[in-house]
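Reader: I would like to understand how the two chains in this model meet. May we go through it step by step?
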Amino acid sequence: MPAVSKGDGMRGLAVFISDIRNCKSKEAEIKRINKELANIRSKFKGDKALDGYSKKKYVCKLLFIFLLGHDIDFGHMEAVNLLSSNKYTEKQIGYLFISVLVNSNSDLIRLINNAIKNDLSSRNPTFMNLALHCIANVGSREMAEAFAADVPRILVAGDTMDSVKQSAALCLLRLNRTSPDLIPMGEWTSRVVHLLNDQHLGVVTAATSLIITLAQKNPDDFKTSVSLAVARLSRIVTSASTDLQDYTYYFVAAPWLSVKLLRLLQCYPPPEDAAIRGRLTECLETILNKAQEPPKSKKVQHSNAKNAVLFEAISLIIHHDSEPTLLVRACNQLGQFLQHRETNLRYLALESMCTLASSEFSHEAVKTHIETVINALKTERDVSVRQRAVDLLYAMCDRSNAKQIVAEMLSYLETADYSIREEIVLKVAILAEKYAVEYTWYVDTILNLIRIAGDYVSEEVWYRVIQIVINRDDVQGYAAKTVFEALQAPACHENLVKVGGYILGEFGNLIAGDPRSSPLIQFNLLHSKFHLCSVPTRALLLSAYVKFINLFPEVKGTIQEVLRSDSQLRNADVELQQRAVEYLRLSCIASTDILATVLEEMPPFPERESSILAKLKKKKGSGTVSDVEDTRKERNTNVNGSTDHTTATTNTKPSPSSFVSDLLAAAPPPTNRPRPVPSSSILHMPLSPLSPQAYAVHSAAPLTPFYQVTSSPSSDLLGLGNSSAVNSGSPPAASNAASLLVDVFSESLPVAPLGTASAPIIEENFSRFVCKNNGVLYENQLLQIGLKSEFRQNLGRMYVFYGNKTSTQFLNFSASVVCHEPLNAQLNVHTKTADPVVDGGAQLQQILNIECLSDFVEAPVLNINFRYGGSVQNIAVRLPVTLNKFFQPTEMMSQDFFQRWKQLSDPQQEVQKIFKAKHSMDTEITKAKIIGFGTALLDGVDPNPSNFVGAGVIHTKTIQVGCLLRLEPNTQAQMYRLTLRTSRGSVSQRLCDLLSEQF
Amino acid sequence: MQFMLLFSRQGKLRLQKWYVPLSDKEKKKITRELVQTVLARKPKMCSFLEWRDLKIVYKRYASLYFCCAIEDQDNELITLEIIHRYVELLDKYFGSVCELDIIFNFEKAYFILDEFLLGGEAQETSKKNVLKAIEQADLLQENLDFQIRLFPGVLGPNVSAESSGLFQS
């Protein structure tokens, strides 16, 4: 059948399109296009004035060429000329060209805007509509500036035609989306809300879209829309299907409008007015009832439209999350859809149930569908549906069904599509960790993950299993045995070799008693994989070998031989060669004691703190060491057979929820950092031999004193080494130099300022630093103290600048930091001694190294003493080291957020404060403060867009605490409500106190 | 809705409408990627898929794919019916519409779309009202010449698929 050109055919255009379609090749097409472009150009440039029709035709051809994907660099002027034509079709083509090929050429924009202005004021509705369509299609800032006043005026003017109102409403919506700042709210806003009552359903449909957009940004201004929307919805839902005439779509009354009204209601909490609320509940019940009625038509359009309204109603029910009966009904309805023959409905039911799973009212109801969902995972033919099933299983998982769900996900992983494997791996890893009751199960699960989908197991996952094995001695033997068995497979994934190498290197001794896994067999097993592995894995294996030398003296010879071979000692890779050389030398010259110290078992993680500090602390003397030991022992006794997960994991191990955020927050990837090739001296060796993620703590720490102290004896180190007798219990391997260094760090314990009465502690600027790190902390006529600080994980460094504002020297200058009980056990602050003289006008810099051991409330005090002229000055300033400094932000999706929020529902985990705003309630400033506070600011999580939601993890040496916060401003009352939920009540309290002072 | 694309089974783009500002380069990239993704899907698969941070809703009518990108909060099923209503409008206007109608009268396809959707939202969902607006516009034009029917000779070869009505399959 020939295509029919309706209305005004442009024969030249049709011929040109045919020509293009007849082109046999891309080259021919380009040739034809270039010919046409040359023709059009000459026509436009020619002396003969073109008539409107020709201009229209050529502009249309240019448009066609552009839509084919070619660049067009002329013709804009001709298109603009068409805008002022009196002939509708010419004007129309002009506008189409402008809409598609908008050009930011400013001269042109002015001309275009002029033409639009003329049409808007023409009072010809067809022309007005064209102009409004053009503004809506282009939606540029220039247009928003030019028409920000006109469009609202047209929208609410009494004499505007309905069709123009519709265009104006959506035109305004578009401008509001692109340049909200240019669209001032005003008198028109209240009149827009009343468009919900308009007689013309087309106007109501367009206006509802606009109101949704506006209400999301300014909920308070559009509150009145709620009752109007409920009334309108109620009328639609109860109408007979013929009442609405052409707005009835396949026997469904105004489905588009219904969906939009339900959407609008999702911008607000449930209506407070009981009557309105009751009416809305009735509407929702009616919609749910209709789903059970026999269909009025067999057409898919009928069921689609009906179900579109139903799903939107369910979204609203979930959003309100307040009517248990409705929630359960919604869940049952979705359950029916899970088995529906329409793939689309199954997909949507899985998707929608995911959100239901996080409501406390319906979580259990969702769980009853587990078998259906697992079945979907196995039988659905469409990957996007299976993906939804995975998501839902993840969302419905809790302790009661974790084992089943993880097992099903693992078995699905064997055949899963490549596109979603990595995501599944991550989900399995998270669930296994979150709901692990026995850690043997956790280890099995992760090893299975590596076996099934090794390529998709990211570093974070296998780091994590190692961290957990290291930190939990009840699982170490099992882990060693399991990896040993897994490594027996002829072909195993390289990630398994990494985990295996690491674990056997640490804990191989635990299974060495069994002759089937004797040291030599272990070594041979690992070494049989060596040649198939990449360089980083080989490097890790070399470290495992040297650990073997320490664990099993009987295989020392065998391993030395391997290290000595040319393929190691002369390896082309500098890292491998270096390790081989250094390990070989180490094993030859070091005494057993030194070897045992250097190659000692890894200390418990988290190791993201400075590794040297950690090691030193462990060596520091019985007090702190036993801390660590005690907690480990305590844990042991606790854990055996204990099912109570939380009590078992209080101290060294983060609580389950922070665990997860930890995994998600993804520690900085510990790759082998490039380093300069070291000199051949064996003395430099321990500073660099091992890959940082693995053994850096170990090798670097105990030997550091040998070089650092002796080779660069800085005066302050010596100056502080005045109490070397303290450390009677330091291990034999530590030399004098080592204990010297140890003392440096023990210096962080409180030292009273010398012979001075304590000055009152100044705190006036303290709270200013809660959300920022730099600035002036204190100033008087003599002295200015500035701060610059940075924090990472549980460590911080603070640069303190002391500015002498006078022209006279400060003498005997000293500045020290004091942590009073109980802070001294929670925070380590190491101060380097400042220079005792500060010249007039000069600035002195002092560095503080800070380590957070556990959560704390108090802040340290900075004591400053100096002599100025004849008098001694004492100043004590509260140092703004606050708990929130040790935040790492955590990004998460709405669903995750609320799931965790719910998990932290113990009364003592939540702290809430309602307080009056002290500053202007500016959204941007508030956002900046929350980010400055250290959490991630989560957009789109809170259903109410004016609320702020944040998440982060507090890192301390002993624990990590996941924190969720929510700040709800009430601009009318000038009040805020701040809610903090963390796994530790003390942390919630402190964070709430700190943050509430900021607004 | 962020954008709507119409493309043929051969992957030729027939209509593109963008409701968010994007560079030409980005538009081309998105088009390429989506056309490929959608064409690779099998007939009985579901009409929705996740793509980047958007939801794609698509449906095939005869030789043409209609494909919409909507945001997370938007309703998939109602979008499917947006597509259907647009096809109905085209069908009514052209009289048993086929892909060729859209190729040769692409400007009309854009005009009808603008009457139906604006700024990515439904402006007028009544079929009668949309067609009335378009026909009024047609009446406005000079009733002079150029009422040309295209003859089969002009169309070129291989038109069978493109000339089959969208509602016939």
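Author: Let us begin with a term: a salt bridge is a side-chain nitrogen of Lys or Arg within 4 Å of a carboxyl oxygen of Asp or Glu. This is a predicted model, in which local features need pLDDT of at least 70 and side-chain atom pairs count only at pLDDT 80 or more, while totals for chains, interfaces and linings use all residues. Residues are numbered from 1 along each chain as its sequence is written, chains are lettered from A in the order in which they are written, and side-chain values use heavy atoms, without hydrogens and water.

Reader: How many salt bridges does the rule find across the interface of chain A and chain B?
Author: The rule finds four. In one salt bridge, the side chain of Arg388(A) meets that of Glu50(B), at 2.9 Å from N to O.

Reader: And which helix gives the largest share of chain A's side?
Author: Helix H10 of chain A (residues 162–178) does, with nine residues; a helix here is a DSSP run of H or I, at least four residues long.

Reader: How many residues are in contact?
Author: 78 residues of chain A are in contact with 73 of chain B, where contact means heavy atoms within 4.5 Å.

Reader: Changing topic, what is the average pLDDT of chain A?
Author: Chain A averages 80, and 83% of the residues score at least 70; pLDDT is the predictor's confidence in each residue, from 0 to 100.

Reader: Where does it stay under 50 over a stretch of chain A?
Author: One such stretch is residues 607–757 of chain A, with 242 contacts beyond four places in sequence in the model. Where pLDDT is low, the predicted coordinates should not be read in detail.

Terms used
Helices (H or I, at least four residues) and strands (E, at least two) are DSSP runs, numbered from the N terminus.
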